[in-house]
Amino acid sequence: MMLRTCRALRSQAGSPSGDWQPLNFDASAFHHKTTSELARAFLVLRLCAWPPLVTHGLALQAWSQRLLGSRVSGALLRASMYGQFVAGETAEEVRGCVRQLQGLGLRPLLAVPIEEEPDSAAKTGESWYEDNLSAMLRCVELSRGLTETPGPTGNSFMQMRVTALTSIRLCKELTSWIRRPGSSSELSPERLAEAMDSGRSLQVSCLNAEQNRHLQASLSRLHRVAQHARARHVRLLVDAEYTFINPALSLLVATLAVRWNSPREGGPWVWNTYQAYLQDTHERLRHDAEAAHRAGLAFGVKLVRGAYLEKERMVARLQGTKDPTQPDYEATGRSYSQCLELMLNHVSHHGPMCHLMVASHNEESVHQATRRMWELGIPLDGPVCFGQLLGMCDHVSLALGQAGYAVYKSIPYGSLEEVIPYLIRRAQENRSVLQGARREQMLLSQELWRRLLGRSPRVSS
Ligand SMILES: Cc1cc2nc3c(=O)[nH]c(=O)nc-3n(C[C@H](O)[C@H](O)[C@H](O)COP(=O)(O)OP(=O)(O)OC[C@H]3O[C@@H](n4cnc5c(N)ncnc54)[C@H](O)[C@@H]3O)c2cc1C
C-alpha cells in the first residue's frame, strides 16, 4: 500500500508528458502512520489551537506538576506535546525518530532548543554562552551521524541561533551603530572576519571595553561552530529573530560567510534567514544575493514568513516607531511569493553557488516553488529544498518527500524540562500557524474516520 501511495504521489512531481502537476496535499499521505500517531496529532493540534492553553502554557504546566506530581505530568506531556513536536532526549531517541522520518523520505534539521537569554546570563560572564557552544558542537556531531540520506552534495543541516552565543544587549548595540550612516568600514564583515580568523584583538569604537571583549569571545564561539560544522559537512542555517537585533545577526552571518562561503570551501556552509513579513525583505534579499555574487561567495537562504509578528508590532507601538511588518496576512503572502521568485531565478542562474530552503507549511507557497522549479529546470533534489517543523503539516512534508523533493523537518530535542518552555514560547510566537492548522486537523480526522469505519484507502490518481 505504501508503495502504491509513493508511486501515485511521485507521479505528480512532473508528468512524463512534460506538464507540471500540483502535488496532492491530502490524507493519502497519512496512510502509513499508525492510528495512535494520527489521534495524538489530531488532539495536540486541536489543543494548541485553543488560545488560553498557549497563552497560559507555562503556568498550566507548573500547576499540573504541583497537582499531579512531576512523574504523571511528565508522562502526560510525553504522550502529547513533547511526543508530537520533539524527537527525544537522548542521541539514541533522536536517531530512532530520524530513522522513522528517513523511512518516509524526510530528512533531519536539528535545532538545539535554547531558550532566550536568562537575566542571569549577564551576571555569569561568558559561561551561559560557553555552555551553549558545547551544546551546538554536540549538535554538529549528532547531525553528521544522522546522515543516512545526505542532502545535495552529501551534507547535513542544522539550525543555529546566534543569540545563544552572543548577548542580545551586544546585538542591540551593534544594530543601532549599523543603522548610523558612515559606520560601514568599522563594522565591515571583512574586518570582523579577519579578527575572527586570526584571533587578533578587535576594538570597535561604539563599544566599551567589556563589550569589545564579549564581541571577541562571541566571534570566537561562532567561528568554532562554523569550523566544526564545515569539517563535519554540516550546513548551518542561522535563525532570524527580531528587527531590533537582526542587522547585527546579519552582520555576524556575513562575517562567517566571508570565511566559510568562499569558493575554496565549496559552500554555502552558513545560511541566513529572511522573513517575508518584513516590509524591506525583498529589497534586502535582492541586495544581499547580488553582493554575494559580486564577492564570489556562495549564498544560502532559508526563506520564512516570520514568527515574531505580535512582538514586532507591540515594540513599534510602545516606541512610537513605524511598524516594520506587512499590513496583513495577504501582503506577507505576496512578499513571500516575490522573494521566492527572486531566489528561484537566482538559483537557476547561479546553480551550486546559490541554495534555498523554502521553509513554509503554506500549500500555495509550496505549489509555487514546485511549479517554478519545474519551469526553470531546477532538479528536485538539488540546490532547492523544503523545510517544515516536526509534527506540523505532515501531509505537505510527506507528499513532497515521496515525490522526490528534499524535505527537512526542523527537530528540537532535549529533556522535558529544557524543551517544554521552549515549545510553549514557540507556540506563542506561532499562534496564527497553530490556529491555521485547521486543514491538517480536517485531513487527520478524515483519515481517522476512514479507519474507524473500515473503509479502504483512496489513493489519488
Ligand atoms: C524550518 C523552519 C525554520 C524557521 N525558522 C525561522 C526563523 O529563523 N525565524 C523566524 O522568524 N521564523 C522561522 N520559522 C517560522 C516561520 O517564520 C513561520 O512562522 C511559520 O513557518 C508559519 O509560516 P508558513 O509560511 O508556514 O504558514 P502560514 O500559516 O501561511 O503563515 C503564517 C504566517 O503569516 C504571517 N502572518 C499571519 N498573520 C499576519 C498578519 N495579520 N499580518 C502580516 N503577516 C501575518 C506570519 O508571518 C505568520 O507566521 C521557521 C519555520 C520553519 C518551518
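## Exercises around a ligand shell and a helix pair

The shell around the ligand holds ten nonpolar, 14 polar and five charged residues. Here Ala, Val, Leu, Ile, Met, Phe, Trp, Tyr, Cys and Pro count as nonpolar, Asp, Glu, Lys and Arg as charged, and the others, Gly among them, as polar. The model is predicted: local features need pLDDT of at least 70 and side-chain atom pairs pLDDT 80 or more, while totals for chains, interfaces and linings use all residues. Residues are numbered from 1 along each chain as its sequence is written, and side-chain values use heavy atoms, with hydrogens and water left out.

**Exercise 1.** Find out which residues surround the ligand and are closest to it.

*Solution.* Start with the shell: 29 residues surround the ligand (a heavy atom within 4 Å). The closest are G306, Y329, T332, S360 and H361. Next, look at elements, which are DSSP runs numbered from the N terminus (helices: H or I, at least four residues; strands: E, at least two). The largest share of the shell, three residues, comes from β7.

**Exercise 2.** Find polar contacts of the ligand (pairs of N or O atoms within 3.5 Å).

*Solution.* Take the oxygen atoms of the ligand to begin with. One lies 2.6 Å from a polar backbone atom of G306, and an oxygen atom is 3.0 Å from an N or O atom in the side chain of Q275. Then turn to nitrogen: a nitrogen atom of the ligand is 3.0 Å from an N or O atom in the side chain of R313. Finally, check the cover: the ligand taken alone exposes 930 Å², and the protein buries 90% of that (Shrake-Rupley method, 1.4 Å probe).

**Exercise 3.** Describe how α10 and α12 cross.

*Solution.* Locate helix α10 at residues 189-198 and helix α12 at residues 246-260. Their axes (lines fitted to C-alpha atoms over the stretch in contact, with angles from 0 to 180 degrees between N-to-C directions) come within 8 Å and cross at roughly 65°.

Terms used
Polar contact = N/O pair within 3.5 Å; in protein donor to acceptor, adjacent residues only side chain to side chain.
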